[in-house]
Amino acid sequence: MEKPYSPLTLEPEVQAFWQQHQSFAANENTGKPKFYCLSMLPYPSGQLHMGHVRNYTIGDVISRLQRMLGKEVLQPMGWDAFGLPAENAALQNKVAPSEWTQKNIANMRTQLQRLGFAYDWSREIATCDPSYYRWEQWLFVQLFKQDLVYRKEALVNWDPVDHTVLANEQVIEGRGWRSSALVEQKMISQWFFKISAYADELLQGLENLPGWPEQVRTMQYNWIGRSVGAEVHFPVIDKDLLLTVYTTRADTLYGVTYLSIAPQHPLALQAAEKNPAIAEFIEHCKTGNIAEAARAKMEKLGMPSGFYARNPLTNEKLPIWIANYVVMDYGSGAVMAVPAHDERDHEFAQKYHLPMKEVIAAKDHDYQQSAYTDYGAVINSAEFDGLTSAEAKSAITKALEKLELGIEKIQYRLRDWGVSRQRYWGTPIPIIYCDKCGAVPVPEKDLPVILPQNIKLTAPNSPLPQLSEFVNVKCPKCGGAGRRETDTFDTFVESSWYFTRYTCPDQTTQMLDERANYWLPVDQYIGGIEHAVLHLLYARFFYKVLRDQGLVNTSEPFTRLLTQGMVLKDGAKMSKSKGNTVDPQQLIEQYGADTVRLFMMFAAPPEQSLEWSDAGVEGAHRYLKRLWKLAQTYLEHPTTHALDIASLNVEQKSVWQQIHQTIQKVTDDYTRRQTFNTAIASMMELTNTLIAFANQSSDNDRALQRQGLETLLLLISPIAPHVSHFLWKELGHTSPIIDAAWPQVEPAALETSTLTWIIQVNGKMRAQLTLSIALTDAEIEEAVLAQANVKKFITDKTIKKIIIVPKKLVNIVVI
Ligand SMILES: [Zn+2]
């Protein structure tokens, strides 16, 4: 009686086995080469979604494969547990953020375990745990001492009704998410990491990451944005003041027709003192989201300041405008405007009827329509006329340098990383303010600064400033009255170094120990393309900082990066707001984890988007049932007979060949190409062959069936680990399939063992014949002459000669 495939019974049993044997605990002392495989840690929202399942399945398949290839594998999991949703939930549901978070973690951990992921759960971390964030605070204190963090004023989004600072994502179309009030921009003191000190190394390092997608490297390259340009000083008329701008187009200096300054620029504020209209305009500019993307989209507005400056080379008088798109905390808060050759300046000049001056030759260009932004030959620029843009950049910069009104300058688009958040649910910034001593870091012996727990949030702003037992502390330097910093870190800080902590999560006396250098760098990192810039750039920055603290001895954290595509349904990204989600939990309960995993890996290559299909899930389930049935059929008549290669007949040899071709293809697809879908397709083909061959019953047939079945189980085990674990055991193996070695290709099996010959009689094709390559010419002739269709044409004729064209054809000449 054949056993049915029942994954819902089988899978929990297999998972219990792994747990009982701590099968996936990583060990630094095995002497094996290491492999650190990591999927980006999730935010504990409470429920896994299909994007998680895809991400973690890919990571798990790679981990399990590497283990079978003989590596000591570390695959950890943890929780990016601080952040805004916990505060929102706390407000809505009257539950403490810590409680909400812990409940969600417990729920998602259960879901991950049910999917059978091979995590080393003994290394689980949650970033909201003081034993984790104390080391983040410790690192901040070290960087404070080394001037790699500093404090300065920066813009925040301010909700004037709720009296709270808003995160960019809490500003919806310029209004507060809760109050719907027009959001204002406000300057407040904030802490910054000096990432710009590493800008050049972050850029250079991109050259040494061949295992990263080109797209991600390009995005980081552009984000860092190194440019060689010039700083140009424009003397302000009737003031002892220079207006400094940075430009990458010094070749267009003669085309400047006005200057623009930010609304917060000191000169703008001066103008506002005497002009109420300007003051009103500046007030107006203070609304709206401070996020760069939002600012780029807004309407460009401006007002003349009433001040003028001179072009440092031509002495031409230029009006100074106040413009809402110029950013104060970026560069100097002033830009030179060349409407003929810059799109944004063009748009602004058209709107306010400002003059335009062409200084780059352009044939038949319609300046009413757009700016001409290409390089070319310089015109209308006095002695620089006729130079190319490149020559003019250098010559004009040199002329400015001579006048001491300019200098060549390399600039990065990358800005220092502002990490202060005026939120409750985050890591406290370990600083104490003292009227006498200023900002004093919390002494290391007093770390961690623990975030007060079990806070009932009643208002949208952080309760920390009102918690006097938290705020009022002694100054560590002078012992006088001090005030604790009540801002918390941006949650990107926690996710910038978590992957290092997995190597030694139980370390209580230091941030990292020597185990970090055993495991790091991460060999394979997997996550969404949406993290291409911020997270991956911050993590690279932190890693270099850790290196410079002597905590790790390499420079790049992630050797190979895979950015998985989205999960789509009906062509759109699955999302709650679109109502097109599929709940992974329901699928697991219906089909089991192996089916879900197999579907995820079969539906598309990992870097492409995956279109959800119920039929695809059904198909994956059907395949596993076929595999199950194939095993049961074999198990009715199992054998211990060793496969005798020498006596394989033609059909057996062809099966044997396909087994080894499949090993070769699957190995290459899994490792080099990372196209798991094509690997699965070839396993399915082998399955079909073995099913067709299953009724053969000689000893050698059954030995071959066994080899085919075992190979299939080994090859599919990283993807469908439960069913393969179970069947492997049923085949009589005493050690589990996770400890089996990856199957090896038998080179002899791949050699072509037969040849197909074209058989002609008097030059006309009469038959095709497949023969062993081992045959002699005499044996070939014998086989050809025995062919029925050949016989028909040579009966009653005399064979004059037989011509054999090696490996191709046999021609029988008869008369
Ligand atoms: Zn003090």
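Two strands pair if DSSP finds at least two bridges between them; strands (E, at least two residues) and helices (H or I, at least four) are DSSP runs, numbered from the N terminus. The model is predicted: local features need pLDDT of at least 70, side-chain atom pairs count only at pLDDT 80 or more, and totals for chains, interfaces and linings use all residues. Residues are numbered from 1 along each chain as its sequence is written, and side-chain values use heavy atoms, with hydrogens and water left out.

**Exercise 1. Describe the pairing of strand β5 with β9 and β6.**

Step 1. β5 (residues 149–159) runs antiparallel to β9 (residues 184–193), and 10 bridges join them. Within this pairing, V156 has K186 of β9 as its bridge partner.

Step 2. β5 also pairs with β6 (residues 164–166), again in the antiparallel sense, over three bridges. Here D159 is bridged to T164 of β6.

Step 3. Four residues lie between the strands of the β5 and β6 hairpin, and H163 takes a positive phi near 50 degrees there.

**Exercise 2. Characterise the lining of the largest cavity.**

Step 1. A cavity is a set of points, on a 1 Å grid over the protein atoms alone, where a 1.4 Å probe fits but cannot get out; lining residues have an atom within 4 Å of a point. Grid points are joined across faces, edges and corners, and a volume is the space filled by probe spheres set on the points.

Step 2. The whole structure holds four cavities of 30 Å³ or more; the largest has a volume of about 60 Å³.

Step 3. Its lining consists of L630, T633, Y634, L690, A694, Q705 and L709.

Step 4. Count Ala, Val, Leu, Ile, Met, Phe, Trp, Tyr, Cys and Pro as nonpolar, Asp, Glu, Lys and Arg as charged, and the others, Gly among them, as polar. The lining then has five nonpolar, two polar and no charged residues.

Key
On a 1 Å grid over the protein atoms alone, a cavity is a set of points where a 1.4 Å probe fits but cannot get out, and a pocket is an open set with protein on both sides within 12 Å along at least five of seven lines; lining residues have an atom within 4 Å of a point.
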